[in-house]
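Hi,

Here is the model I said I would pass on.

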Amino acid sequence: MKFSVTVLGSSSALPTASRNLTAHLLNAYERFFLIDCGEGTLRQLRRFKINISKINNLFISHLHGDHYFGIFGLLTTFSLLGRSKDFHIFAHEELHELINCQLKQEELSYNIVFHKLNKTENEIIYEDKKITVRSFPLKHRIASNGFLFKEKLGDRNIKKELIPYYNLSVKDIVSIKKGNDFIDNEGNIISNEHLTKKPHKQRSYAFCSDTVFYPPIIDIIKDVDLLYHESTFAEDMKERAKKTLHSTAKDAAEIAKRANAKGLLIGHFSTRYRNLDILQKEAAEVFPNVSLAVDGNTYEIKAWS
Ligand SMILES: [Zn+2]
């Protein structure tokens, strides 16, 4: 079952020739969740051949322009393409007003459903059959939220070889998958544990940008499989990171280490770094399993085994 994230933009503040502004696309079972929408995100979605009609939910971390200025083009394009499904936006309430103002003249072919993010508490903001999304406060110059996407624990899997052995019907299988025992024709009780295997491990992805080094998030993202954490600067700009409430690559690695993350993806790079080796090196000294975010790359999210 697909669970991966595609980076659509890895630059902070300004785009460069090879890096666009922040946006990530999480693919959970071919349903797409867009996280942040910097200017040019629509173009990146087209460039990387992503079917935008599959995006039904957008999560905006905070209202600095490099994280949301792409939203208006996306919303009007949906309409041009004849979208009819609702589109859900999870963001700070001030964005609702901006959207209403910007789109006053437009007649959209679909409804926007706006969900206000809590700026101070962590809470579940989205839930369907397969996944939950938790939002939690980060620490930045303005209110900023991180998001934790987590698969739900699936049903137990039936041992295939036992289906013909016990001559199980579809109805029996559904009942066993729900956790029930099976009673055969002679009245023998066959335990659920004997008939099934454990479900696969729950996979998770955390998105933390923008933020200064902020340990209160560690408990929330504990044991995450893939942590994306902003790494705007290298250690040479440590003071600037503190002043602007951003993180260094080493800060990101420290959070990943303390949270017992399986993998770390760093991005939101300052344009001053043409070559990103220094950021990777500094992060790897603290947390070896680190990857650099590259526009257009897809990162598979694998469960801790
Ligand atoms: Zn910001």
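Before the rest, some bookkeeping. This is a predicted model, where local features need pLDDT of at least 70 and side-chain atom pairs count only at pLDDT 80 or more, while totals for chains, interfaces and linings use all residues. Residues are numbered from 1 along each chain as its sequence is written, and side-chain values use heavy atoms, with hydrogens and water left out. Helices (H or I, at least four residues) and strands (E, at least two) are DSSP runs, numbered from the N terminus.

Most residues other than glycine have a negative phi, and most peptide bonds are trans. Glu30, in the loop between β2 (23-28) and β3 (31-35), has a positive phi near 65 degrees. Asn260 has a positive phi of about 60 degrees and lies in the loop between α8 (249-258) and β16 (263-267). Glu30 is partly exposed at 38% relative accessible area, and Asn260 is partly exposed at 36% (buried is under 20%, exposed over 50%, partly exposed in between, with a 1.4 Å probe and protein chains only).

The two sheets

Within it, β1 (residues 3-9) and β2 are antiparallel over six bridges, and Thr6 has Leu25 of β2 as its bridge partner.

The other open sheet of seven strands runs β7-β8-β9-β14-β15-β16-β17, again with mixed pairing. Here the edges are β7 (123-127) and β17 (290-292). Strands β16 and β17 run parallel and are joined by three bridges; Ile266 is partnered with Leu292 in β17. Helix α9 (residues 277-284) lies across β16 and β17, at about 165 degrees to β17 (axes are lines fitted to C-alpha atoms, for helices over the stretch in contact, and angles run from 0 to 180 degrees between N-to-C directions).

How many of the 10 residues of α2 are buried? Eight are, so α2 is largely enclosed by the rest of the structure. Among them are Leu74, Thr76 and Phe78. The buried residues pack against β3, α1 (41-47), β4 (55-59), β5 (87-91), α3 and β6 (112-116) (contact means heavy atoms within 4.5 Å).

The axes of α2 (residues 71-80) and α3 (residues 93-102) come within 11 Å and cross at roughly 55 degrees. That makes α2 oblique to α3 (under 35 degrees counts as roughly parallel, over 145 as roughly antiparallel, 65 to 115 as roughly perpendicular and the rest as oblique). The contact is made by Ile71, Phe72 and Leu75 of α2 with Leu95, Leu98, Ile99 and Gln102 of α3. After α2 comes Gly82, with a positive phi near 80 degrees.

Cheers

Methods. Two strands pair if DSSP finds at least two bridges between them.
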